[in-house]
Amino acid sequence: MKVLNLRCSRLHSFEGWFGSEDDFQDQSRRGLIQCPMCADSSIQKMPSAPRLNLGGHPLPVPGEPGAEGTAISPHAVTREMSRFEPVAGARPPAPSLADQAAFLKALRQVVSATEDMGEQFAEEARRMHYGEVEARGIRGQASVREAVELLEEGIEVVPLPMLAALKQTLQ
């Protein structure tokens, strides 16, 4: 088994596990390898060193953001997402693996704690806001116009990118 350090053209770093170097080359040539953050298939193999697992991982501190059982607010997700938004005309620095992991973990918590309303998101958000149905955490798709209209009505909405990594379980 070969574990390779990979990077997409947007500078997201991740690991790929392959049966051999030939397996990696074959999958890469056929465009089968995608970045789990952005689904980019322009992948580059990075230099790597052997990894020696000599110690345990530190345990999360209860009450700290990201610790199991700790709720993450939509505002915290927005704050985290803003760290990954590109600056016009400038290439952002590559996010660290820890930043990528924290970002994915926050998105997974939001996804697991909300109901997907799909294209009915704006309608359901209004129904909850006006007391027609019980308030709960929802997510879905809305056009920019619908999102602005919701905000003008006093209904809080937060943009949430649906990354390819959230659509399936990563190994």
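A residue is called buried when its relative accessible area is under 20%, exposed when that value is over 50%, and partly exposed in between. The views below all show a predicted model.

**View 1. A salt bridge joins Glu21 and Lys45.** The side chains of these two residues meet with a nitrogen-to-oxygen distance of 2.7 Å. Lys45 has a relative accessibility of 35% and therefore counts as partly exposed, and Glu21, at 24%, also counts as partly exposed. Glu21 belongs to helix 1 (residues 21-29), whereas Lys45 belongs to strand 3 (residues 43-46), so the bridge ties together parts of the chain that are 24 residues apart in sequence. This pair can be viewed against the total for the whole structure, in which a search finds 10 salt bridges.

**View 2. Arg136 takes part in salt bridges with Glu115 and with Glu124.** Between Glu115 and Arg136, the closest N and O atoms are 2.7 Å apart. Glu115 lies in strand 4 (residues 115-116), and Arg136 lies in the loop between helix 4 (121-129) and strand 5 (138-139), so this pair ties together parts that are 21 residues apart in sequence. Glu115 is partly exposed, with a relative accessible area of 37%, and Arg136 is partly exposed at 32%. The side chains of Arg136 and Glu124 meet at 2.8 Å, N to O, and this pair links the loop between helix 4 and strand 5 to helix 4 itself, with the two residues 12 places apart. Glu124 counts as buried, because its relative accessibility is 7%. Through salt bridges that share partners, Glu115, Glu124, Arg127, Glu132 and Arg136 are joined into one network.

**View 3. The largest nonpolar core holds 13 residues.** Within this core, the residues that touch the most other members are Leu6, Phe14, Phe18, Phe24, Ile33, Cys35 and Ile43. At least two residues of the core come from each of strand 1 (2-8), strand 2 and helix 3 (97-112). If residues up to four places away in sequence are not counted, Phe18 touches Met1, Lys2, Leu4, Leu6, Asp23, Phe24, Gln27 and Ile33. Apart from this core lies another one, which has 10 residues, including Met117, Phe121, Met128 and Val133.

View 4. A disulfide is a covalent bond between the sulfur atoms of two cysteines. In this model, the cysteine sulfur closest to that of Cys8 is in Cys38, at 3.8 Å, which is too far for a bond, because a disulfide requires the two sulfur atoms to be within 2.5 Å. Cys35 is likewise in no disulfide, and the nearest cysteine sulfur, again that of Cys38, is 3.7 Å away. Cys8 is buried, with a relative accessible area of 2%, and Cys35 is also buried, with a relative accessible area of 2%.

**View 5. Met1, Val3 and Trp17 form a nonpolar patch on the surface.** Together, these three residues have about 380 Å² of accessible area. Trp17 is found in strand 2, which covers residues 13-18, and Trp17 is exposed, with a relative accessible area of 58%.

Methods
Residues numbered from 1 in each chain as written. Predicted model: local features only at pLDDT ≥ 70, side-chain atom pairs only at ≥ 80, totals over all residues. Heavy atoms only, no water. Patch = residues over 30% accessible without salt bridge, like charges linked within 9 Å, V, L, I, M, F, W, Y side chains within 5 Å. Areas by Shrake-Rupley, 256 points an atom, 1.4 Å probe, with all protein chains shown as cover. Salt bridge = Lys/Arg side-chain N within 4 Å of Asp/Glu carboxyl O. Helix = DSSP H or I, 4+ residues; strand = E, 2+ residues; numbered from the N terminus. Buried < 20%, exposed > 50% of the residue type's maximum accessible area, 1.4 Å probe, protein only. Core = buried A, V, L, I, M, F, W, Y, C linked by side-chain atoms within 4.5 Å. Contact = heavy atoms within 4.5 Å.
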